[in-house]
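Dear colleague,

Please find the structure below, handed over for your study. The notes that follow it set out what was found.

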Amino acid sequence: MFTKILIANRGEIACRVIKTARRMGIRGVAVYSEADAGARHVRLADEAVCIGPAAARESYLVADRIVEAARATGAQAIHPGYGFLAENEAFAQACAASGIAFIGPPVAAIRAMGSKSEAKKLMAAAGVPLTPGYHGDNQDADFLRVEADRIGYPVLIKASAGGGGKGMRAVWKGEEFADALASCKREAASSFGDDRVLIEKYLQRPRHIEIQVFGDTHGNVVHLFERDCSVQRRHQKVLEEAPAPGMTAERRAAMGRAAAEAAKAVGYVGAGTVEFIVDRDGTFYFMEMNTRLQVEHPVTEMITGLDLVEWQLKVSAGGTLPLTQEQLAIRGHALEARIYAEDPDKGFLPSTGRLVHLAPPEESLHVRVDTGVEQGDEITPHYDPMIAKLIVWDEDRPRALARMLGALARYRVAGVANNVDFLSRLVACPAFAQADLDTGLIEREHDFLFAGAGTASVPREAWLAAALAELLREQAAADAAARLGSDPRSPWHRRDGWRLNLGVSRRLTFRCGDEVRELKVGYADAGYRITLDGQTTAVGGQLQAGDQLRADLGGMRMAATVVVAGEKRHVFLHGRCHLMVAVDPLFHAGEGGGAEGGLTAPMPGKVIALLVEPGVKVSKGVPLIVLEAMKMEHTLVAPSAGTVTAFHYAVGEPVADGAELLEFDKTP
Ligand code: MV4
C-alpha cells in the first residue's frame with residue numbers, strides 16, 4: 001500500500017481524499033495555486049506544493065508541475081479527484097511514464113470512453129442497450145430523413161461532437177426534419193468544427209440513472225447499485241440520491257449487469273460510472289461512461305457503508321476488490337445537495353466574496369458535509385463556486401428527505417449569495433417529495449421554486465430579532481466600554497433608556513430587499529418594548545457565542561443567528577436567511593465626505609440625549625446622540641470605531657439644519 005499520495009485537485013474532493021488517506025495511515029500531499037495558499041485542503045495535507053498562479057490552466061491543469069511535485073515529495077501515487085485532469089489521457093500517461101501510480105483506470109479505458117462513438121461501439125458489443133437511432137457515418141440528408149421516419153417521431157438530432165446538451169434538436173414531424181437537420185449541422189460546424197450528427201428516438205421527460213462500477217487488476221468487476229441524478233439545471237446536477245426511487249430489483253440487476261459487463265468489456269480498473277437515460281416506462285439506454293470518481297459518489301457510500309476512495313487506493317496498489325457482488329447490499333436511502341455560492345434570484349450567477357459566516361449542520365451518522373472551505377475563506381472567481389456537498393442518510397426516502405430539510409435549515413452561509421434556500425424549496429416541492437422525477441423537474445416546478453423570488457415578505461420575528469441583536473450588541477459594547485472606562489458605574493454607560501425625567505425611546509431602521517421597517521424601541525424593566533407596524537411586543541434575550549441569539553419575542557421563545565458584516569445583518573431564522581441592512585436615516589457624514597470630524601444635524605431639531613461619555617472609545621454603529629426632529633426621534637451612530645472628543649450641544653438645546661453636533665475622532 002502507498003505511504004504517500006498526491007492529490008491533484010482542490011476544494012472538497014481534495015479534502016475528502018486526504019481524510020481517507022489519513023484514516024488509512026497514508027500521508028497526503030496537496031498541490032495548490034497561489035490563490036489557494038490558505039485553502040482548507042492545504043491546511044489538512046501533510047505537505048503542500050505551490051504549482052502556479054490562480055488560473056487553473058497555469059496550475060491545476062499543468063500536468064508536468066503536478067507530476068514533478070509528486071516526484072519531489074516522494075508520493076507513490078496521484079489521485080486526480082474529478083474535473084481538472086481526472087479524465088485526461090495524457091496526464092495518466094505522464095504519471096505512468098514517471099513511475100507514479102495514477103489512481104484511476106488504464107489509459108486505454110480513458111481514451112475509449114472519451115470518444116462518444118467509440119464508447120457506443122464498445123457498449124453495443126457488450127450488450128448494453130443504446131437509444132434506438134442511427135449513429136453511422138452516412139450524413140446524406142435524404143438518407144437521414146428515411147432513418148428518422150424509421151425511428152419514429154419525435155426524434156432528436158444530436159451533434160456527434162456535441163455533449164452536455166449542446167447541439168441537440170427535437171423534431172416532431174417528418175416535414176420539419178430537413179430544415180432542422182440543416183440548422184443542426186450548421187450549428188455543429190460553427191460550435192464544434194464538426195457537422196456530423198446522429199439521430200435518436202426522443203425520450204420525453206427522461207430520468208438520468210447511473211451505475212457505480214468498480215474493477216480491480218485481477219479481472220473482478222462489481223457494480224455498487226444506482227444513483228438517480230435527474231434533478232439537474234442546465235445539465236448541472238443539483239440533487240442526487242441512491243437508490244433510485246421506483247427502481248425494481250429486476251431492473252437494478254439488469255442495469256447493474258449491463259454496466260458491469262461494459263466495464264469488463266473495456267478492461268476497466270478503478271471507480272467508474274455508467275450513465276443511462278431512462279424512459280418513463282423504465283427502459284434504459286447507455287448515455288456515457290465516466291472514468292473518474294463522481295461528485296455524487298457519497299450517496300453510494302452512505303447506502304453501502306463503504307469508502308470508495310479506500311477502494312480506489314487498495315485497487316491502485318494492486319489489491320483485489322474488498323467485497324464480491326454477493327456481499328454488496330443497499331441499506332436505507334441517501335440524498336446529496338450541492339451547496340453553491342450562486343444566486344438563484346439572478347439566474348444562478350456565481351457569487352464571490354468572503355464567507356463571513358459559515359456554519360454547516362453538525363455531522364452525525366445521518367448527516368455528512370464534504371467541504372473545501374471554512375468560515376473566513378474566500379470564494380474566488382477562479383474556480384467552481386461549490387461551498388460543500390451536504391449528504392444525508394436514513395432508513396427510507398421520506399426520512400432522508402426530512403433529514404435533508406432539517407440539515408439545510410441548519411446550514412448557515414453569509415457573505416456570498418447561495419442556493420441553500422433554493423435547495424430547501426426544491427427538496428420540499430411536491431414533485432420531488434413524491435419522487436416524480438425527470439430531467440425537466442426544476443423547469444416544470446419553476447413557479448413553486450422561484451415564487452416571489454427575492455420579494456418573499458420578511459416575517460415579523462426576523463425584524464424583531466434583528467433589532468434585539470442590535471440592542472444587545474450595543475449593551476455588550478457599552479458594558480465593555482464601562483469596564484475599560486475610568487468610572488465603570490457612570491450613568492453614561494447605561495443602555496436601559498433611563499433618563500432623569502422620563503424613559504427615552506429610540507428607533508432602529510432596517511432594510512431587507514425593498515422592504516424597510518422602522519422599529520420604535522422602548523426600554524422595559526427587563527428587555528425592551530418594540531413597536532413595529534403599530535404593534536408593540538415585549539422583547540428580550542441573550543446574545544451567545546457564534547452570533548447566536550436566544551430570543552423571547554412576546555413570550556415566544558426562538559433561536560436565531562444574526563451575523564453582522566458592516567452594515568449588513570444576516571438574520572437566520574426558521575431555516576431561512578434574511579439579508580438586512582441596518583439603516584440610519586439620519587447618519588450624515590461630516591463635511592468633506594468622510595466620517596472624520598463631527599456629525600452634522602441633517603435637519604433642524606432638538607438634542608434629547610447624549611449617549612456616550614466624551615473620551616470613551618466606541619465601536620462602529622454605537623449610538624452617540626439622539627435628536628428629535630419631524631416629531632420623531634433619530635439616533636446618530638458612530639461612523640467607525642473611535643471616540644467622541646466633544647459634544648457641541650447640551651440636552652434640550654435646539655440645533656439648526658447642518659449644525660456640527662460633535663467632534664468624532666476616528667481611531668485608525
Ligand atoms: C437525450 C434526451 C432525450 N432523448 N437523448 C443531455 C445531454 C446528454 N447527457 C444527453 N442528454 C439527453 N439526451 C434522447 N434520445 C434528453 C437529454 C437530456 C438530459 C439527459 C440526462 C440528464 C439531463 C438531461 C437534461 C436535458 C436533456
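A residue is called buried if its relative accessible area is under 20%, exposed if that area is over 50%, and partly exposed in between (1.4 Å probe, protein chains only). This is a predicted model, in which local features need pLDDT of at least 70 and side-chain atom pairs count only at pLDDT 80 or more, whereas totals for chains, interfaces and linings use all residues. Residues are numbered from 1 along each chain as its sequence is written, and side-chain values use heavy atoms, with hydrogens and water left out.

I begin with the aromatic residues. Two rings of Phe, Tyr or Trp (for Trp, the six-membered ring) pair if their centres lie within 6.5 Å; planes under 30 degrees apart count as stacked, over 60 as edge-to-face and the rest as tilted. The structure holds eleven such pairs. One of them joins Trp-172 and Tyr-202, which are edge-to-face, with 5.7 Å from centre to centre and 85° between the planes. These two residues lie 30 residues apart, Trp-172 in the loop between strand 8 (166-171) and helix 8 (177-192), and Tyr-202 in the loop between strand 9 and strand 10 (207-215). Helices (H or I, at least four residues) and strands (E, at least two) are DSSP runs, numbered from the N terminus. Trp-172 counts as partly exposed because its relative accessibility is 45%; Tyr-202, at 27%, is partly exposed.

The pair of Phe-348 and Phe-450 is edge-to-face because the ring planes stand at 90°, with the centres 6.0 Å apart. Phe-348 is buried, with a relative accessible area of 9%, and Phe-450 is buried, at 13%.

I turn now to the ligand. Of the 16 residues around the ligand, Lys-158, Gly-165, Glu-200, Lys-201 and Leu-203 come nearest. Strand 7 (155-163) and strand 9 (197-201) each supply at least two residues of this shell.

For Lys-201, a polar backbone atom is 2.7 Å from a nitrogen atom of the ligand, and for Leu-203 a backbone N or O atom lies at 3.0 Å from a ligand nitrogen.

Notes
Near = heavy atom within 4 Å. Polar contact = N/O pair within 3.5 Å; in protein donor to acceptor, adjacent residues only side chain to side chain.
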